[in-house]
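Here is a report on one protein model, written for someone just starting out. Have the sequence and the 3D view open, and look up each residue as you read.

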Amino acid sequence: MTGRLPAATADLGLARREFFERGGLPVGRVTETILQSWRRCQRLGLASERLPAIEPVPQAQLREMRERHETLWRLARAELDALAGDAASSGSIVILTDEDGWILDAEGHPQFLDKAGRVALMPGTCWNENRIGTNAIGTAIVERRSVEVRGGEHYLAPHRVLNCSSVPVHDPYGRVVGVLDISGDAAVPPVHALGLARHAVATIEHRYFDLGLAGCELLRLHRDPGLLGSPREGLLAFRQGRLVAANEAGLRLFGLARGELGKIEFGALFDDKLTRLRDDGVLLDRHGLALYGRVQEGTNAAPRPARTLPRPAPALPHGDVVLFDAAQEHELTRACRVLDAGLPVLVLGETGSGKEVFARELHRRSARAARPFVAVNCAALPEGLIEAELFGYEDGAFTGARRQGNAGLLRQADGGVLFLDEIGDMPPALQPRLLRVLQERELSPLGGGKPVKLNFALICATHRELDAAVAEGRFRADLYYRINHYAARLAPLREQADRAGLIRELWARQAGTRRLTDAALTVLTGYDWPGNRRQLAACLRLLVALSDDGETVDVAALPAYLRSARAATPGTAFGPNVTAPDAAAPGAVGRNAEADNALDTITETAMRTALDRCGGNVSRAAKQLGISRSTLYRRLGAPARG
């Protein structure tokens, strides 16, 4: 890959000179997508050699944008969190925009966030093609499909420092509602960025259908029954016999485009009646080929499983690792007794160690298993939304508030389990109010309203050392003692006794007929996994996404950070009936975790220095660092000045 970069750069240089200086069309030197975008930008009169004057909108306006796009942000949050961890380790950032290209959120590597900020790639700026010229975000909106723009392919010359991969997010009716982008340094080839973004967007679009489609019969279909229940299943919604909504996987099953939604009748796609899918779990298309699945009636009906085919376990949810070793089973048993006694449980562990998975399993085993489990990521909720989302609000409580108000997440947990993830990153200003709710089990929504009594069991989780945060004044001591009745500590993956067994089991659950070589398994087993189980699960999902059924996955297919590990001796293909090595390859276990801690220290030092230099003005410090103000709050618990 690196050997081809100079030639590609030279071709781009020639293409730019031919187009911008000589007025020619560099056909063959850039893709047709890039060339057509350059021509659109040129017709708009955009200057290519300098940046336009771009300033992020004020924080109040950015908050309003985020509130208007609350559904998109909420459905995308889990994917942003997962990708942000990968982006931070690869020196890149992940970005979420609205349908017009306004950046709502940007997370990832701190140094690259700063570099991106120098070209205004930050929350509160608009990267629409009409304003910024050819760029992956804006051009993906115009093209309504995935777009990569590398280095000098950007219309504006100062943007040649960027490599960007963008995928539009569509709602069930085919409308673009936002864009997910992964951007990095142009000197580093974005090997898997577009594939990761596409996989994340498929998951986000799949979640939109869970919100319900009024008056529709929702078909969940696939030619492989093992993919039912995963983001790769086809979703097609019919209203009065007409196809009105679908995800990309559903459209691909029939070779349809989103523009055909609302125009296709059920009979044009299927030979069978819908009753056969309800009764037998199978449906024949117009070519006589079988599709397996089920029908979900209306907006609230639960899906009914197929009757004739045993449904295999669905693909793992994003980031979930649902295997528990003996130590974790012991912790689950003890924690369940504590929770059922009405006492809170605090789950401690490094990022990616499976704290939320542990909490969900604890809920499933508890006396409240039939009641709601409501998860709140205290670090992820935007500054302008966290109080409203937690405590709810009355109609008209603030600009952009929903009509009829919002009950809030705490009330949604009534009778069940409330899970406060990353509570160590909760803004200091909200800690007293949460403490009051926990003490009195009563809350008052924003904008007034009658106090509401609450009854929920409490699980909290954090990767931080809360006792140190208390000593430094970043976390209230009284709140700490309120939530820390029983602490369950999850060991990091590098301390897992049988890593090879865990990897084999996870691979078997999602790989289908793909096979993993002994050499690849040895490399996977010997790695320290600083991102723990979440990083391992993401790596395995990537290997599945980038390979085909029946394919053998070897060391060459592994991500670069794994290939740089100690080379393993090639072996035979590892499949269900072949034994692979169990022993982890020797390595300096713990060094990656130490490096992560060192990077965290450097990052926080830079943030505190910027804050001091700006006299405590958070807005100015965040702007200098090229990060969002909410990120600065979460990392430092910064006092609000500006």
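Start with Pro158: skipping its neighbours within four places in sequence, it is in contact with Ser48, Glu49, Arg50, Leu51 and Val119. Contact here means heavy atoms within 4.5 Å. Pro158 and Arg50 sit 108 residues apart along the chain, yet their C-alpha atoms are separated by 6.6 Å. You'll find Pro158 in the loop between β3 (147–150) and β4 (162–170). Helices (H or I, at least four residues) and strands (E, at least two) are DSSP runs, numbered from the N terminus. With a relative accessible area of 24%, Pro158 is partly exposed; buried means under 20% relative accessible area, exposed over 50%, and partly exposed in between (1.4 Å probe, protein chains only).

A quick word on the ground rules: this is a predicted model, where local features need pLDDT of at least 70 and side-chain atom pairs count only at pLDDT 80 or more, while totals for chains, interfaces and linings use all residues. Residues are numbered from 1 along each chain as its sequence is written, and side-chain values use heavy atoms, with hydrogens and water left out.

## An open sheet

Next, find the 6 strands that form an open sheet in the order β9-β8-β7-β6-β11-β10, with antiparallel pairing. Two strands pair if DSSP finds at least two bridges between them. β9 (264–265) and β10 (282–284) stand at the edges with a single partner strand each, so one side of each has no neighbour in the sheet.

Strand β8 (residues 242–246) pairs with β9 over 2 bridges, in the antiparallel sense. Leu243 has Ile264 in β9 as its bridge partner.

Most residues other than glycine have a negative phi. Gln240 isn't a glycine, but its phi is positive, about 55°. Gln240 is in the loop between β7 (234–239) and β8, and it counts as exposed because its relative accessibility is 81%.

Glu422, also not a glycine, has a positive phi of about 50°. Look for Glu422 in the loop between β14 (417–421) and α15 (431–440). Is Glu422 buried or exposed? At 10% relative accessibility, Glu422 counts as buried.

## Cores and cysteines

A nonpolar core is a set of buried Ala, Val, Leu, Ile, Met, Phe, Trp, Tyr and Cys residues joined through side-chain atoms within 4.5 Å. The largest one has 31 residues, and Ile423, Phe475 and Leu458 are among those with the most contacts inside it. Its largest share, 4 residues, comes from α15. Leaving out neighbours within four places in sequence, Ile423 touches residues including Cys378, Leu434, Cys460 and Ile483.

How many disulfides does a search of the whole structure find? It finds 0, a disulfide being a pair of cysteine sulfur atoms within 2.5 Å. For Cys378, the nearest cysteine sulfur belongs to Cys460, 7.4 Å away. Cys378 is buried, with a relative accessible area of 1%.

## Helix α18

The expected span is 1.5 Å times one less than the number of residues, so the 12 residues of α18 (residues 499–510) should span 16 Å, and the 17 Å between its end C-alpha atoms agrees.

Buried residues in α18 include Leu502, Ile503, Leu506 and Trp507. Among the elements covering its buried residues are α19 (518–526) and α20 (532–545). Just after α18, Gly512 takes a positive phi of about 65°.
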